[in-house]
Amino acid sequence: MVDGVTLTMGVAGSKLEKALGDHFPEGERYFGLENFGNTCYCNSVLQALYFCVPFREQLLEYYSNNKSQGESDENLLTCLAELFSQINSQKKKTGVIAPKRFVQRLRKENDVFRGYMHQDAHEFLNFLLNQLVDILEKECLKATREVVSNGPSNGHVNGVKQELALTWVHKNFQGILTNETRCLRCETVTARDETFLDLSLDIEQNSSITSCLKNFSSTETLNAEDKFFCDKCCSLQEAQKRMKIKKSPRILVIHLKRFKYMEQLNRHKKLSYRVVFPLELKLSTTLDAGDSEYSLFAVVVHVGTGPNHGHYVSLVKSHNHWLFFDDENAEMIDESAIQTFFGSAQEYSSNTDHGYILFYESLSADNKSL
């Protein structure tokens, strides 16, 4: 055991090493993660983030710059950085690591994850990224105050409020949406920008990510009780509303809304719909003349028939190989096997392994240079 982290080889690890043979990527590590009682939701997301190379590199850099911090300074960011560093610095190429300290910290930070109940992987990802942003912004603010000698504690320098710099989490995951509303009486367009770290898409049976994105940006008419207050008309008016992607992120995270509340059942139901997600995706934005091109590198998969039980696994692409991670187990899979995780064309199917969170990396030079 190293600092609360158990290291074992595992049969699956040795099989993976044999399968890759001479093609094992130089300097890469493939480690399964031990399950601490229904923590598959956490393990599957951590594997996807570990193989998000720009995020991993910046987290490892953060660790090397901050590893001298004491126990009193421990937070979710330091625990995640330590875990990634432990995986990255292993002498063995494959094995199993127990992310004990990270899980303990997670349960300490948020009581939702404290018990041993089945949790939602997307909820965890959302919480984690927002916590990392919060910690980095506080550190940035603290550093700014220390630079300004006898500086004020209200975030103002020379009477000017200091804007928080974009963190490296923002630079990787943040995109910008524009919410446009057109008054149907005076034709005035009101536009409001808002940022996002992931896109949650409604899904339909036998559809694709492209069609889901089109629906996301489709025009909606606001009338009856939903009328829009137009500032120019100074009254409630019928209007048309649509959401457009203004700026695409470096890492595009798409959450498929597979769990839908059914009023007649008085509970959530899992939608097993078949939604095709391509290995290469084109995304239209209002800022760029052409489409932004993306490549799929990770998929968090929900296995099971309902939202309150089941299992999570992840598929990741590393050095042109696809790998399947199921807690402690890691194995190679063929790229063609990814289509088995699109979903089911019929409502009742024996296949309950469905893509839930998709991770795409931008192929554009502008985004890669961030």
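Reply: Let's begin with a working term: a contact means heavy atoms within 4.5 Å. Of the contacts in the chain with a separation of 6 or more, 68% are between residues 24 or more positions apart. Please keep in mind that this is a predicted model, in which local features need pLDDT of at least 70 and side-chain atom pairs count only at pLDDT 80 or more, while totals for chains, interfaces and linings use all residues. Residues are numbered from 1 along each chain as its sequence is written, and side-chain values use heavy atoms, with hydrogens and water left out.

For orientation, the chain has nine helices and 23 strands (DSSP runs numbered from the N terminus: H or I of at least four residues for helices, E of at least two for strands). Of its 370 residues, 47% count as buried (buried is under 20% relative accessible area, exposed over 50%, partly exposed in between, with a 1.4 Å probe and protein chains only). The accessible surface comes to about 18,900 Å², and carbon and sulfur atoms hold 47% of that (Shrake-Rupley method, 1.4 Å probe; for residues, only the protein chains shown count as cover).

The part I would look at closely is an open sheet of four strands, ordered β7-β6-β13-β10 with antiparallel pairing (two strands pair if DSSP finds at least two bridges between them). At its edges stand β7 (189-196) and β10, each with a single partner strand, so one side of each is left without a neighbour in the sheet. On average, neighbouring strands here are turned by 30° against each other, direction ignored (axes are lines fitted to C-alpha atoms, for helices over the stretch in contact, and angles run from 0 to 180 degrees between N-to-C directions).

Follow β13 (residues 239-247) and you can read the sheet from its inside. On one side, β13 pairs with β6 (residues 175-183) in the antiparallel sense over eight bridges.

Now step back along the chain from β10. The loop between α8 (209-216) and β10 holds Ser217, which counts as buried at 16% relative accessibility. Leaving out residues up to four places away in sequence, Ser217 touches Arg242, Met243 and Lys244.

Within helix α8 itself you find Leu213, which is buried with a relative accessible area of 10%. Apart from residues up to four places away in sequence, Leu213 touches Leu199, Leu201, Ile245, Leu281 and Leu283. The C-alpha atoms of Leu213 and Ser284 are separated by 9.4 Å, although these residues lie 71 apart along the chain.

That brings us to another pairing. Strand β8 (residues 199-201) pairs with β14 (residues 251-256) in the parallel sense over three bridges, with Ser200 opposite His255. β14 also pairs with β23 (residues 353-362), here antiparallel over five bridges, and in β23 the bridge partner of His255 is Ile357. All six of the six residues in β14 are buried: Ile251, Val253 and His255 point one way, while Leu252, Ile254 and Leu256 point the other.

What about the cysteines? The whole structure has zero disulfides (a disulfide is a pair of cysteine sulfur atoms within 2.5 Å). The sulfur of Cys186 has its closest cysteine sulfur in Cys230, 3.7 Å away, which is too far for a bond. Cys186 is partly exposed, with a relative accessible area of 25%, whereas Cys230 is buried at 2%.

Finally, the nonpolar interior. In soluble globular proteins, nonpolar side chains tend to be buried together. Here the largest nonpolar core has 63 residues, and Phe55, Phe124, Phe173 and Phe359 touch the most other members (a core is a set of buried Ala, Val, Leu, Ile, Met, Phe, Trp, Tyr and Cys residues joined through side-chain atoms within 4.5 Å). Helix α6 (residues 121-147) gives the most to this core, with ten residues. A second, separate core of 32 residues includes Leu177, Cys212, Leu296 and Val299.
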